[in-house]
Structure formats: C-alpha cells, structure tokens
Amino acid sequence: MPAPRGKKPTVAAGSKIPKLTAPASTENQEEGPQVKRSSSPPHGAPKKRTAFIDITNAVGLCASDCRPDGDGSFGTAHKVQISLPGRKKDAAKKQAKKTSSTSVSARNQDNLKKSLSVSSEGKERTDAEEEGKKQPEEEEVQKDVAAPVEELVAAAPPAVCEVPAHLRKQAIPEQFDIDSENSEDCYMCPEYAKDIFDYLKHREEKFVLSNYMHMQPSLNPEMRAILIDWLVEVQENFELYHETLYLAVKMADHYLSKTPVHREMLQLVGSTAMLIASKFEERSPPCVDDFLYICDDAYKREELISTEASILQALSFDINIPIAYRFLRRYAKCVSAGMDTLTLARYYCELSLMEMELVTERGSLLASACLLMALVTKDLGGWSPILQFHSGYQTSHLAPVVRKLHAMLSAPPDDKLRAIRNKYSHKVFFEVASLPLVDIDTLEKVLSP
C-alpha cells in the first residue's frame, strides 16, 4: 500500500528493488572517510591580507606613535594621516565657500539692517495686495484651460476596444459547466480550467509521434515493453506520482524517435527519463545515486548526467508534454465518475503505455477511449454530450482506438510483464485488474452511430 505523498523517497540497502538487467552481483563497497579540507594555507604560501586589516594596522600605528613627551603633551612628529580620495577637493571647496560668505555678510550687514525696518512695513501691504490680485487671475486662467478640455472630452466619441476572436473566452453552457462548484477554491483555477485543457490539447500537435522502431537497429517493441514494465515497478517503489511515470515514458519515446540507442543503454535512457520527470513533477525527487542503485550500478554517474543533457537537448528543453493521465482525470470529472470507474480507466491507460501501436495516439484521444471503455464496462452509458463538449471528440473519433484497446486487453497476458496487472490487483486499486472484459458486441453497439 503506497505511503502518503510528500515523503522523500529513499532506497534502503536491504529493500527489494526491481532490476532490469541482471549482471553478477557484487557487494556494496563502503566509501572511505572523506578528507576534510584544511583551512590553513599551504607551506610557503603568503598569508591572506584584507583591506580591513590594513586599515586597522594604520590606525594602530597612529595611536602608538603619538607618545607623550616629557612635558606631558603628545608629540606629532610621527603622526600618520589617512587620506581618502576626494576629501582634499571637498575640503578646499568648503573653505572657499566659507570665506566668501563671511566677507559678503560683513559687507552687507549694515545695509541689511537699514533696509530691513523700512521694507518690512511695505512688504506686508504689497503682499496682501498681490494675493488679492492673483486669486481672481488664477481662477480665470483655470476656467479658460478647463473649458476647451471639457468640450474636447464631450465631443470625442467613446473608445471601443474589440477583443480579437482568438482571445475571446468561450461561453460555457450552464449544463456543461463543471468548474463553478469550485469557484471558492483558487487551487482548482475554475476560471481558467477549460482554457488550460484546451491549451494542452492544442500543444499535443507539437508532440505527435510515429512508429520509430525502424530507426532503432538494436531495439524492438518487446524490449520497450520490458523497460516500461520495469519503470512501473520503479514508480511504485519510489512512491512517485502517476504523472511522473507517464511523462518519463513520453520523454523516452521522443528521445528514441530521434536518437539511435544500443540495447545495453536502453535502461539508462529509461532511468534518466524518470529522473528528469521526477524533477519536473515531484516535490522531493529521488537523487542520482538512487537511480544508479536501481540500475544495479551498471552505469556510472557521469554517464547518467551525460544522458540527461542529451535527452534535454533532443527535446529542446521543452518537457511539458501533454500526457493522457491529466486528460483522463478531467474527463472523468465531467460525468462525476466514481473512484472505481476512474481507476479502471487508469488501468486501461497504463496498460496502453506498453503497446507500440498506441504510441502514435494523442493523449487526449487515448484518455477518452479508456474512459469510454470503463463506462461501458461499468454499464454507465456511452459518450455523453458533456464529454463531447469538453474533449472535442465524437464517438466516431474514439472507435478505432477503443478497438485497439479491446484487442490489447483480450490478448493472453505475458507472464514476464505483470507489473501493471499486479499493481491494479491490489485492494487499494479496487482490484480492477480482475474484472471481466466487456464483450465486443456490447462495445460495438455503443460505438455504432
């Protein structure tokens, strides 16, 4: 049973960790004691000096050289003065200003005293008269300026700002509004939820994949399925989010579609993609040493870091790839599906990660097909109008993908690849893996127009 989220994943030395490869096991060698770096300088190196020490030495020299003379006074023969740049010029300017101001003040002092008594009486009268004259003049000027401004504002037509068509918010009918119930929850972003998923659906066009196995000379679909089965076990043992698993598979597929990889390096690509996805999705992602450990130390730290840089460069550092899991949760909310129905759809969607034929399908379309199969299995109806509104797909769009999913589920399971089936056979996941598969005839009735 998975532990609560937010806990930092750790790998115990004695825990059972899935390993994709099985090289000869070696005992874990403990690292030697780390050598603490000494803070003392090397032999023969000069001691460090700072500006603060030089200044304090100069001040101490000044105080020590000013010794008292025989008569009790301090001598100044060896006094050290610290001059800072710009101080002499400032002192000279201040002295010049002071002398000039004193000479002017002495020269005009008598004249100011004589004129002060005469002008004080006349100044009071003139100030009162000028203030009385200025008030009406200022009021008239303000009226003259305000009048044409008011006329211009009244004559100007009202400005009409038309919003471009591509920026206009789509009106959501009341019967299709599934976000108003979360109007008080800012974390749910009810005002922008529809726009966010429309944007993700639009970004899917940038990440459309094709069947790339023809450009991988040493790989085949079975090897890729083994890798994903191993990644599912890693996700469970590290207690990572399901979004992390889906994103890691997407990044690995995009990298493999652009770069030929030898079969011995396939596990390194998968674990590195999981590391990048953990950094993107998790609050406390596992460290590099944890991923090296689960690979049974088959790779070095430098190789993993180099592969991380190679994957990011191949994807142009754009790793916000829309995944089917996000669309699945959104569409299940449209019909208020129960947790058991959503878990069944998640089971179908996670199994689809291992199928090479479904790599080419968009995440939103794959999520819609998985949800439709779960609804039919639970006898909860078909693809309703509210699902058509929010997903943008009709039943005819889902029919080919639903048939591929049914063929995948009806095929005999591989005993070597049972990670997903064992995972969803647990009570935490409502044991949905043990539910019987819906009949193809029942499914065709829902898919028929």
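Predicted model: local features only at pLDDT ≥ 70, side-chain atom pairs only at ≥ 80, totals over all residues.
Local features were considered only at pLDDT of at least 70 and side-chain atom pairs only at pLDDT 80 or more, whereas totals for chains, interfaces and linings use all residues. Residues are numbered from 1 along each chain as its sequence is written, and side-chain values use heavy atoms, with hydrogens and water left out.

A search of the whole structure found 0 disulfides, a disulfide being a pair of cysteine sulfur atoms within 2.5 Å. Cys186 is in no disulfide, and the nearest cysteine sulfur, that of Cys189, lies 7.7 Å away. Cys186 is exposed at 58% relative accessibility, while Cys334 is buried at 7%; here buried means under 20% relative accessible area, exposed over 50% and partly exposed in between, with a 1.4 Å probe and protein chains only.

Helix α11 (residues 363-377) and helix α13 (residues 395-410) have axes that come within 9 Å and cross at roughly 65°, so that α11 is roughly perpendicular to α13 (65 to 115 degrees). The axes are lines fitted to C-alpha atoms over the stretch in contact, with angles from 0 to 180 degrees between N-to-C directions, and helices are DSSP runs (H or I) of at least four residues, numbered from the N terminus.

Most residues other than glycine have a negative phi. Ser336, in the loop between α9 and α10 (339-352), has a positive phi of about 50° and is exposed, with a relative accessible area of 65%.

Terms used. Helix = DSSP H or I, 4+ residues; strand = E, 2+ residues; numbered from the N terminus. Parallel < 35°, antiparallel > 145°, perpendicular 65-115°, else oblique.
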